Amino acid sequence: MVFELLAENGLTDFYQLAERPGIRVAQSADGGHFAFLDEPAVRTRLVDFSDAKLTRVTFHLPAIHCIACVWLLENLFRLKPGIGQSQVNFARKEAAIAFDPARVKLSAVAALLAKLGYDPELKFADLDARPANPAARRLWLQLGVAGFAFGNAMFFAITGYFGLDAFTGPQLKVFIGWLNLLLALPVVVFSAADYYRSAWVSLRQRLLNIDVPIAAGIVAIFAQSVWEVASGRGEGYFDSLCGLIFFLLCGKLFQQKTYDRLAFDRDYKSFFPLSITRVGSSRREEAPSKDSALHTPHSALETRVSLSQLAVGDRLLLRNGELIPADAKLLAGPALIDYSFVTGESEPVAKQPGDYLYAGGRQMGGAIEVETVKPVSQSYLTSLWNQDAFRKDRAESFNALTNAYSQRFTKIILAVAVSAAVFWAFVNPAKSLPAFTAVLIVACPCALALAAPFALGSAQRVLGRRNVFLKNPFILETLARVDAIVFDKTGTLTAAGAGSVTWLGASQVARHSDVESGVVERAETCHATELDIGRSSYGPLTEAEERWLYSMTRHSTHPLAVRIGESIARQHFPEPVRSFLETTGCGMEGQVDGHEIWVGSAAWLESRGARLCAENQPQQGGTGERAAAGSATTAALRGSVVHVAVDGHYRGCFVLASALRADADALVARLSPNYELALLSGDNERERERFRALFGTGAHLQFNQSPLDKLGFIQRLQRDGKTVMMVGDGLNDAGALKQADVGVAVVESVSAFSPASDIIASAQMVPRLAEVLHYAKQSVATVRAAFLISTVYNTVGISIAASGNLSPVVCAILMPLSSVSVVAFACGMTAWLGRELRGGELRVERQPAAASQLSTFNPQLQKDLA
Amino acid sequence: MSVIFLLIPLSILFAVAFLFAFIWSVRSGQYEDTTTPSMRVLLDEKLAAKPAPTTDNSPNSKLK
C-alpha cells in the first residue's frame, strides 16, 4: 500500500536510500481517526502558525529513524497537492509541515502521515503552549558579539603591548583606545546583561552568589577603562574585559547542554493520548448489551474527541493497547488491564463488567467499553499531580557549590579592595582609586565561575555518552551528597521481557504426578534451574516441535509469544502456518507441517479438549491433572505460564519468570555498605523473600505501595535528614521521583516515555549505578580542586593589584591564563576520571523506537491465569 | 604609516559584516538542529525542483 502510494508519485527512490527503510503499516488509519484535529479548539492550539494561505504544524513522529525517513517526509508535497514544504528535525523526531488550509485539512495531513507509517504522536500535553527556545539563541548571539569584540580588541591592543605605536606616534594609542571602547560597549551592555540581572536578584535576596563579584568586576573594569581612555592616560583593559565575558559565556553555553530528544519535565499529560473514541451520546442510551457494543459496527456513533472535552459519564471505546484516560467503570467486554505503568504490578489484571478501572491502565486484547466516573485530572493516578511535591518548585540548589564558595570569596575581596584603597589613601592618595579597582578587576572570579560549569558540564557529557542523561550539570552536586537510595522493583531491578523462559514438558509433569505436591515443587524448581534461560537441554521438545512453535510465535506480537519465540529461535527457519487464528485473551492456534498446534492459557486449552495431563497416560489422569495444576500454581508464583498442545495432546508449558537485571545483586552489594537502601514496589508480595535475600535484613522492603505511599516514604526519609535518590520508571513512581532529591527515571529505550525526573538513565546502566555515584563524587572533588587553583591565581593577582602596579599587559596575560588553565584542568580531569565508566561492554542503543513500539502495542494473547 | 588609520576601520567593517552573517544564521534557526542537515546533504535532488517555497523559508518562523 505504501509502495503503491510512493510509486504513483515517482518516489521509488525511497527504497534505494536505505537497505531496510523499514516502513511499517501498523494500523491503517481510517479517515475519521483524526477528524477531531479539525475542531477549532484543538486545531488552534496545535498549529504553530496559521493564516488564510498557509498553516504550519509540527508533528512529533516517533517512527522517524533513518535517512530515508528524512527524505520521504521532506518530499511530502509530492504525495498530496496542497502540502508545501516540510522540514524534519531528526534529533527531536519532529516534522514541521506547511500546507494550504484551503486545499488540505489538518486531519488529512495527519492521516497521510499515518498512512505512510509515521503515526503522529498526539499527546494531551501538546495542547499546552509549547515553550519556544529563545534562551539558547540569545546565548549564541551574546557569545558571538563577545567573541567578535574579544578578537578585534585583542588584536588592536597588542600594538600597544609591543610598543608598535612608536612608528605612528601617540595618536594611534588614543585611536585604538576609543576603538576598543566602541567594541566593548555592546559586549558590556548586551552580552553581559544576564550577569547584572542575576547579581541584582541575588542582592535583593541578601545573598552573594557568584554573579555579584562578576558583575562588580565587569563594571569596575569598564569604568576604569573608560576613565583612562577619556582622560587620555592609557588604553584601558577592554581586551581583557571582552575576553573575560567571552570565556564566561563559553562556560554558560557548555553547561547548557540539553538533550533534545529527552524531556525531563513530563507529566501524565504526555502519557495520555490527545483523543479518545467516544461512543454515542452517553446519556441517551442505557447500558447497551455487550454484543451491540462490541460486535455491531458503531461507526455512526463513534466519534474521536479530544481528551479535554471528556466529561464524567461519557462512554468510551478502548481498543487494544489504548489507555484508560480517567477512572472509569467497565461496561462491556472482558478487560485485561496492564497496570504496570501505574502500580508497578507486573501481570495484567482481568476485569469484569461493572468493575472499577483506574486511569493509566492499558487495555490488552479486544475492544472494551467504559464509562468515565471522574474527570481526567481527578483520577486515581492523575490526582498525584495535585500533591505538594508538584505544586511548589523546590528551591533549586543550582550551582550551590560555587555559590557557597563565592559567599566567602566576595567578602574577602571586598575587604582586600577597601583596605588597599585605605592604605594607599595614606601613603599615596593618587594610587588609592586605581588600587581599589585593580583588586576588583583581578579578583573578578572568572576562573572560579568557570570551574563548576566546565567540570560538571564535561562530566554530564561523559555520562551522556554512557546513556545516563542529566537534566543539568548541577544535579551532580546533589548526586554526590546522596546517602539513601530507594529502588522501584518492576522495570528497575527486574527487567521487563528479559527473564528466563523454561519449558516444562508434560512427561515431566506426569512423572511427578504420583508424588506429593511439595515434592513436585522441588522437582520443578530443580528443573527450572537446570533448564534456565531458553530451551530445555533435557528436552521433551523435539527439534521439529521447536520449529513448529517458533513458526507459530512469529505470527504473534504478544510479549509472551515474542519471548518464547526468542528463546527457541536458534537456527530454525519459520515454516508456513496455515489457518492461524489468535483468540484475544486465550491463545493462538494454527497448522504447521500438518500438525495442529495450540498455544495459550490452561482454561482455553481445556475448553478445546486438551487435558492438562498427557493423554497417553489415561490411568494417571486424575492425579496427573492435579499435579499439572500444582505445577502450574508453583510456576505461576515464579512467572507467567503458557501451555502448549500438539494435535490436541497436551505437551507441557513454558514458564516465563521475571528476572533480576544482570548484576543487580552486585550493585546492591556494592551500595549497601555506604548507602541506606530501600525497595518500594506496587507489586504484590510474592517476591518478598527473593528481595529480602538480595537486600539483606537492614533494608526497607515495602510492597503493595500506591504512588502516594511511595511519595510519603521519600518524605519520611527526607525528614530524617537523608538526601534521597529514587530510581524508578513508570508513572506510579512519578511522585517519588519528583519528591526525591535526585529522581532517576529508568528507560528501556531512550525515546520511551519517562516521568518527570532529574536523570534519565538507560536500563543497561542501572547495574552500574554505583560507579555513576562514585563518578559524581569525583567530579565534585574536581570542582573543589579547580577552586583551589583559581584561588592561587587570585592571590598572586591580588597581591600585584593591591600594590598598585597592575598594568594592562599583566592583566591581559593573567586573566586568560587563569581561565584557560582552570578550564583545561576541569575538563581534562573529569574526562580522565570518566574513562573508568567506559569499561565493560555497553551497547549504545541503535534500535529504532518503532521496533520497540511494535512489540508493546499489539498484544493479543492473554497471559495464563491458571 | 598613517594609512593604518584607514585600514583599521576597513578591517572592522569587514569583521562587522561577518558578525551580521553570524547573527543572521542564529536568527534563522541554523543552530537549532545540527543533525538533520548533515543527513540532508546526502540526498539526491533527482526529481523536479522543490515547489515554490511558501511565504516563509525558515523552518522555525514561529519562534521569531
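A451(A) touches V783(A), A786(A), F787(A), S790(A), V822(A) and A826(A), leaving aside residues up to four places away in sequence. Two residues are in contact here if their C-beta atoms, placed from the backbone, lie within 7 Å. This is a predicted model, in which local features need pLDDT of at least 70 and side-chain atom pairs count only at pLDDT 80 or more, while totals for chains, interfaces and linings use all residues. Residues are numbered from 1 along each chain as its sequence is written, and chains are lettered from A and ligands numbered from 1 in the order in which they are written.

A451(A) is also one of the residues with the most contacts inside the largest nonpolar core, which has 141 residues. A nonpolar core is a set of buried Ala, Val, Leu, Ile, Met, Phe, Trp, Tyr and Cys residues joined through C-beta atoms within 7 Å. A residue is buried if 20 or more other C-beta atoms lie within 10 Å of its own, exposed if 12 or fewer, and partly exposed in between, with C-beta atoms placed from the backbone. In soluble globular proteins, nonpolar side chains tend to be buried together. Which helix gives the most to this core? It is helix α16 (residues 446-465) of chain A, with 13 residues. Helices (H or I, at least four residues) and strands (E, at least two) are DSSP runs, numbered from the N terminus.

A second, separate core has 34 residues, including V42(A), C69(A), V70(A) and F99(A). Two of these names return in helix α4 (residues 67-74) of chain A: the buried residues of α4(A) are A68(A), C69(A), V70(A), W71(A), L72(A) and L73(A). Because six of its eight residues are buried, α4(A) is largely enclosed by the rest of the structure.

Now consider the chain as a whole. Chain A has 866 residues, of which 49% count as buried. Its secondary structure comes to 30 helices and 28 strands. Among its contacts between residues at least 6 apart in sequence, 72% join residues at least 24 apart.

The strands can be followed through their sheets. Two strands pair if DSSP finds at least two bridges between them. An open sheet of seven strands in chain A has the order β14-β28-β27-β26-β15-β24-β25, with mixed pairing. At its edges stand β14 (468-470) and β25 of chain A; each has a single partner strand, so one side of each is left without a neighbour in the sheet. On average, neighbouring strands of this sheet are turned by 15° against each other, direction ignored. Angles run from 0 to 180 degrees between N-to-C directions, and axes are lines fitted to C-alpha atoms, for helices over the stretch in contact.

Within this sheet, strand β15 (residues 484-488) of chain A runs parallel to β24(A), and five bridges join the two. The bridge partner of A484(A) in β24(A) is E676(A). Then β24(A) pairs with strand β25 (residues 700-702) of chain A, again in the parallel sense, over three bridges. Here A678(A) stands opposite H700(A) in β25(A). Is strand β24 (residues 676-680) of chain A largely enclosed or left open? Four of its five residues are buried, so β24(A) is largely enclosed by the rest of the structure.

Elsewhere in the sheet, four bridges join strand β27 (residues 742-747) of chain A to strand β28 (residues 759-762) of chain A, and these run parallel. In β28(A), I760(A) is the bridge partner of A745(A). Helix α26 (residues 707-719) of chain A packs on the sheet, touching β15, β24, β25 and β26 (724-728) of chain A, and its direction makes about 160° with that of β26(A).

Two single residues end the tour. H643(A) lies in strand β21 (residues 639-646) of chain A. This residue is buried, because 27 other C-beta atoms lie within 10 Å. V422(A), found in helix α14 (residues 400-427) of chain A, is partly exposed, with 13 other C-beta atoms within 10 Å.
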